[in-house]
Amino acid sequence: MNNIRLPVSARAALLAAGASLALPAMAEAPIGPAAASAVAEQPAEAAPPASTATEEEYDEYSEDEIIVTAPRLAGQLATDIRAEAELDEAAIASYGASSIEELLDALEPQTRSGRGRGGRPVILVNGRRISGFGAVRNIPPEAIAKVEIFPEEVALEYGYAATERVVNFVLKPDFRQISVEAEAGIPTQGGQFKNQLEPAFIAIGDNGRLNLNASWEHQTMLLESERDLVYDDPVLAAGAPARSLAPASDQYVIDGTLVRNIDKVTEASVSLRFDQTDSLSLLGPRNGNPDDPRRRDSRSQNWTSSASVNGMLGDWRWSVTGNYADADQRTFTEQESGARDRFDSSQQSFGTNANISGSVVDGWAGPIRASITGGYSGLRFDSRTERGVNITMTELARDTPSVFGSLTVPLLDPEYDVGNIGRLSLTLNAQAERPSDFSALTSWGATLNWGITDNLSLLGSFSSDEAAPSMTQLGAAPLETEGVTYYDFQTGQTVLINTTTGGNPFLLAEQRRDLKVGLNWEVPMVEGLRFSINYNRNQSNDTANSFPLLTPEIEAAFPDRVTRDNDGTLLAIDQRPVNFERATNSQIRWGFNFGKSFGQSEAGAGGRGRFGGGRPGAGGPPSGEAPPPPPREGGEAAPPSAEGQRPPAEAGERRRGGGGGFRGRGGRGGMFGGQQQQGGRWQVSLYHTIKLTDKVLIGPGVPELDLLNGSATGDGGGAKRHLVELDGGLFYKGFGTRVSAKYDSGSRIVGGANGDLKFHDLATFNLRFFADFNQMPKLTEDIPFLKGSRLRLSVNNLFDAQRKVTDASGIVPLNYQPGYTDPLGRYVELEWRKAF
């Protein structure tokens with residue numbers, strides 16, 4: 001609960017808006033973070049009654065001040081670090097997503113870490129750790145009350161390393177939905193068709209949450225002959241109908257998640273998922289006959305399970321999670337002779353961890369908080385390759401015990417009469433782990449968080465990490481693949497070569513040093529505007545990498561990995577992983593997120609005292625519920641008062657009474673925000689990443705590669721100096737549109753037989769239109785079938801933009817023609833979703 005001091009001059013306006021004001025004589029005295037945290041952890045019915053302020057407490061307030069009490073939604077994070085972005089229900093609806101997985105994809109520019117590790121953000125639900133992403137993957141966005149996005153440093157408070165940002169989903173307390181989703185899509189160039197069918201069920205109630213989901217996805221094959229590729233070699237051209245750009249595939253998925261509240265503060269969850277994918281690819285003509293292509297058939301099956309229990313132990317929050325997964329794959333590859341090579345692999349991963357976090361002791365400027373996590377993970381990998389009479393087998397295993405801890409010490413806080421320049425805290429963290437097939441690894445870091453004002457915060461952090469190469473990078477069996485299309489810089493030709501992949505047992509541990517300084521500003525002069533800027537500098541020594549693009553520089557560094565004939569024609573590359581001695585990069589990323597609600601009616605703004613709109617035709621709140629709160633400044637609906645809101649099922653706070661089970665109120669909230677028509681919402685975000693440096697040193701005696709100035713390690717070219725990401729949307733009266741755009745400034749690769757290879761800049765736009773018929777009561781009255789339905793039309797790569805890659809003479813090498821680099825191009829997809 002946040003207390004905001006305002007001058008009396010604002011009293012009339014606030015009273016006119018219906019705000020809940022606590023006058024000084026009746027107000028509770030402000031409490032420090034420790035006390036606030038302790039109160040927040042108590043069940044709603046156990047919260048102590050407000051007491052009349054004492055004379056000393058009254059003296060703390062001047063006569064020209066009032067106190068505005070603004071309750072937080074149960075399940076929001078209680079942390080000193082400010083969120084970088086927050087989305088309310090209207091903002092979530094404006095994305096037109098069908099699941100948390102789709103919503104995270106849409107939010108990727110805001111959730112991507114600047115530390116360059118490239119993983120999914122840390123996911124929390126109602127402020128709690130979860131057993132795994134599978135536990136939330138298919139939750140529909142209309143079941144979410146709020147989304148909070150935090151910087152990487154918040155992960156330390158929940159027992160995670162500060163390598164990814166944190167996303168907290170606050171769920172609605174009562175929700176129930178059965179839905180069926182069908183979608184179909186085609187590229188405008190033709191050649192492929194994809195369709196998907198997905199039924200789902202979710203119920204959130206007093207005793208927990210149940211989510212069931214199934215899906216089937218079918219994709220047809222896309223052939224080289226169905227794209228306008230220009231070949232230098234007539235033999236390659238003749239074989240185009242026998243080579244696929246995208247396989248034919250069928251995927252089947254079924255999963256479920258059960259969350260059960262054991263008591264008022266303890267919950268348990270279990271998730272289970274099975275998926276199977278069958279695919280067929282064509283590798284080229286057999287003996288030059290395009291009517292007799294070589295085939296590759298593959299089937300993968302994956303079982304994934306996880307479980308967790310979490311709760312409170314006094315003032316400490318604890319959690320225990322476990323997981324087990326089994327991934328099996330079988331692949332048959334036909335050779336020129338007609339023989340079939342066979343590859344089988346099986347991987348089992350399992351682990352458990354326990355975390356406890358809370359306040360250790362009251363310090364001079366607030367409570368000192370600690371988080372400790374102990375864990376174990378295991379990995380087993382077996383493979384068998386049959387190539388003619390040759391059989392290669394691999395058996396790999398890794399067991400990794402680990403311990404992680406963090407300590408947050410407040411240094412300055414005016415509420416504790418320590419300093420008057422805002423709140424300043426220091427977080428220290430350390431980790432140790434010991435992979436069974438590698439040496440011991442240690443990591444440590446420190447974070448300074450300075451809340452200069454309520455709207456402005458500054459954050460700085462430094463981390464030193466050690467990481468082992470993956471188990472397969474170390475020990476996977478060699479695998480040779482024939483007929484791989486590859487561009488040879490030395491000759492300037494696109495050729496078919498043999499590649500060897502597998503493991504390298506001589507890889508070293510990677511050592512990372514990361515520095516970050518960030519500023520977040522919620523601009524007080526412009527409501528709804530958030531601005532952020534971050535500087536990141538990363539240095540890694542002995543990085544384990546896949547074998548890089550074979551530029552002249554790389555070939556000079558690894559001459560024993562390349563095979564050529566007497567004429568210099570490239571024949572084969574050994575692409576097993578290598579260590580780079582050093583990789584350094586730095587960047588600045590700045591941007592803003594700006595959004596507002598508009599056209600809110602009184603009922604639409606306040607909702608029904610809980611979440612979403614009221615009952616159809618209801619002029620006020622249902623009997624027994626508190627009246628709706630007033631809208632905040634800017635039109636955003638204020639959260640309901642504690643009396644009119646039951647805390648979410650995941651928050652550890654439960655309401656007495658009521659039956660068991662998952663009796664959600666999905667009918668009241670409607671499918672996409674309520675049957676009662678809401679107002680509108682617009683939002684725009686823009687982020688610009690400027691790469692300052694990006695260099696790689698392969699090894700001693702080899703010139704350092706400058707990826708911003710002509711060097712490259714991947715076939716996509718060097719590093720892009722500029723990356724601009726735009727996302728914006730408008731949602732009003734059931735209709736929504738969303739545009740996302742991305743621009744990068746391109747790069748170049750210096751050298752080669754045909755001069756420099758230039759990767760031109762690229763701008764792509766994605767467009768989405770959707771109609772939520774639940775927001776159109778007159779239409780659903782006339783056509784009842786449309787009730788609970790949504791129609792969405794998506795156009796990816798709206799202008800069919802393709803990156804142009806040319807050599808010094810302006811010729812596009814075969815390997816970089818659009819048919820290879822982006823065979824789908826503009827893609828149109830239609831989705832229909834119906835809830836019951």
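Predicted model: local features only at pLDDT ≥ 70, side-chain atom pairs only at ≥ 80, totals over all residues.
Student: Why is Thr392 called partly exposed?

Tutor: The relative accessible area of Thr392 is 29%. Buried means under 20% and exposed means over 50%, so Thr392, at 29%, is partly exposed. Thr392 belongs to strand S20, residues 390–412.

Student: What makes Ala477 and Pro478 contacts of Thr392?

Tutor: Contact means heavy atoms within 4.5 Å, so Ala477 and Pro478, which are in contact with Thr392, have heavy atoms within that distance of it. Ser383, Arg384 and Thr385 are also in contact with Thr392. As for Leu479, 87 residues away along the chain, its C-alpha atom is 9.1 Å from that of Thr392.

Student: How do you know that S25 and S29 pair?

Tutor: Pairing takes at least two bridges, and S25 (residues 493–501) and S29 (residues 570–574) have 3, so they pair, in the parallel sense. Thr499, for instance, has Ile573 in S29 as its bridge partner.

Student: Which strand gives the most to the lining of the second largest pocket?

Tutor: That is S25, with 4 residues. The pocket holds about 380 Å³ of space, and among the lining residues closest to its centre are Gln493 and Thr494.

Student: What makes 3 of the lining residues charged?

Tutor: Asp, Glu, Lys and Arg count as charged, so those 3 are of these kinds. The others divide into 10 nonpolar and 5 polar.

Technical notes:
Residues numbered from 1 in each chain as written. Heavy atoms only, no water. Helix = DSSP H or I, 4+ residues; strand = E, 2+ residues; numbered from the N terminus. Buried < 20%, exposed > 50% of the residue type's maximum accessible area, 1.4 Å probe, protein only. 1 Å grid on protein atoms, 1.4 Å probe; cavity = no way out; pocket = protein on both sides within 12 Å on 5 of 7 lines; lining within 4 Å. Points joined across faces, edges and corners; volume = space filled by probe spheres on them. Lists of a residue's contacts leave out its neighbours within four places in sequence.
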